[in-house]
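Here are some notes for a colleague opening this entry for the first time. Please read them with the structure on screen.

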Amino acid sequence: MSQTVRTRPEGSGQALSEAYDTALLDLDGVVYAGGNAIAYAVKSLATARSGGMHLAYVTNNALRTPDVVAEHLTELGIPTEASDVITSAQAAARLISEQVPAGARVLVVGGEGLRVALRERGLEPVESADDDPAAVVQGFGGADLAWGRFAEACYAIARGVPWFASNTDLTIPSARGIAPGNGAAVEVVRIATGAEPQVAGKPLPPMHRETILRTGARRPLVVGDRLDTDIEGAFNGEVDSLLVLTGVTDGAQLLAAPPQHRPTYVDADLRGLLTGQPEVVEAGDGFRCGGWTATADGVGLPPARAKSRAWGRLELEGDGEALDGLRALCAAAWTAAGEGTCQLDGGKALARLGL
Ligand SMILES: [Mg+2]
């Protein structure tokens, strides 16, 4: 893949909901958190949709079926059809169907979402390693997944049965804190077998391919809150992305993002879909966005001299919208980092923005 290294967020003269035909929206941290809608999500999505943007929901969670997810969204006030929900279980089922005979048995370690997705591809979910499975698939099983399920997976994998995972997110947010996700469960099987699964979910290509196949999007915009799944998935799929700050990513993580984690746009929440995006422009030896100018102080100076100029710090001057300050800081940090990760301290500048 030959992508140029992004060194600043892009501007858009058009509202993003008009510039792109389809929003590929992550759910947790973007549309809802802990089961409740995130501020401005319901109204912003309704406005984007009535303006003609197609909305699709893309989740690495393989436990729930598209029906259940669509019902949940509809209850929150976001009318959604099951066909507008794409799960990593569906991406995994397609990946498996391409590598096993039609109608083959697949040992399931996971939940209903996986079983439904396998049947949709004409595959037969089975529960035991002794059922002669042609593949093993592992997806998030929720609180009720018994330890014995991992043993079934291990028995089959030890016999040479190919192993697939819906996704490898190590953690999953819950109302009570951070819980182990499917990635942690995959590690259990990996440690026990020494085998490697084929993974379908974000940020890997099978998930993006599934999303494009199901939505028919021509000019999609990935909207997410995680750099290493949503934004990296968009990067791998070579499509544009919008990072919203309503989920797990904070300003410091964004400034330190390596190239594959740098979104095309950044905004506070889903209202960002309905507006254009300001340009970040070069200004002296820094970058300006709105009323803010950001510089990477001390970059390129020999260490002895640089020290006296607060080497290793991102500086911010001006005032205005906090998001504009963050966009300017991104440009200064990403430009300084190039193909690497910015090591400059942006703590003071971010504190000034309240981010
Ligand atoms: Mg998320």
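What is the volume of the largest cavity?

1. The largest cavity has a volume of about 120 Å³. The model is a predicted one, and a search of the whole structure turns up 1 cavity of 30 Å³ or more.

2. The lining of the largest cavity is made of 15 residues, with Val58, Lys202, His208, Thr211 and Val222 nearest its centre. By class, the lining residues are 9 nonpolar, 3 polar and 3 charged.

3. Several elements contribute to the lining of the largest cavity. At least two residues each come from strand S1 (22–25), helix H8 (205–215), strand S13 (220–224) and helix H9 (227–236).

4. Is Asp26 buried or exposed? Asp26 has a relative accessible area of 10%, so it counts as buried, the cut-off being under 20%. Asp28 is at 32% relative accessibility and therefore counts as partly exposed.

5. The domain assignment divides the protein into domain 1 (16–60 + 204–274), domain 2 (89–197) and domain 3 (281–353). Between the C-alpha centres of domain 1 and domain 3 the distance is 26 Å. In the contact between them, domain 1 takes part with 14 residues and domain 3 with 16 residues.

Technical notes: Residues numbered from 1 in each chain as written. Predicted model: local features only at pLDDT ≥ 70, side-chain atom pairs only at ≥ 80, totals over all residues. Heavy atoms only, no water. Buried < 20%, exposed > 50% of the residue type's maximum accessible area, 1.4 Å probe, protein only. 1 Å grid on protein atoms, 1.4 Å probe; cavity = no way out; pocket = protein on both sides within 12 Å on 5 of 7 lines; lining within 4 Å. Points joined across faces, edges and corners; volume = space filled by probe spheres on them. Helix = DSSP H or I, 4+ residues; strand = E, 2+ residues; numbered from the N terminus. Nonpolar A, V, L, I, M, F, W, Y, C, P; charged D, E, K, R; others polar. Domains from an automatic or database assignment. Contact = heavy atoms within 4.5 Å.
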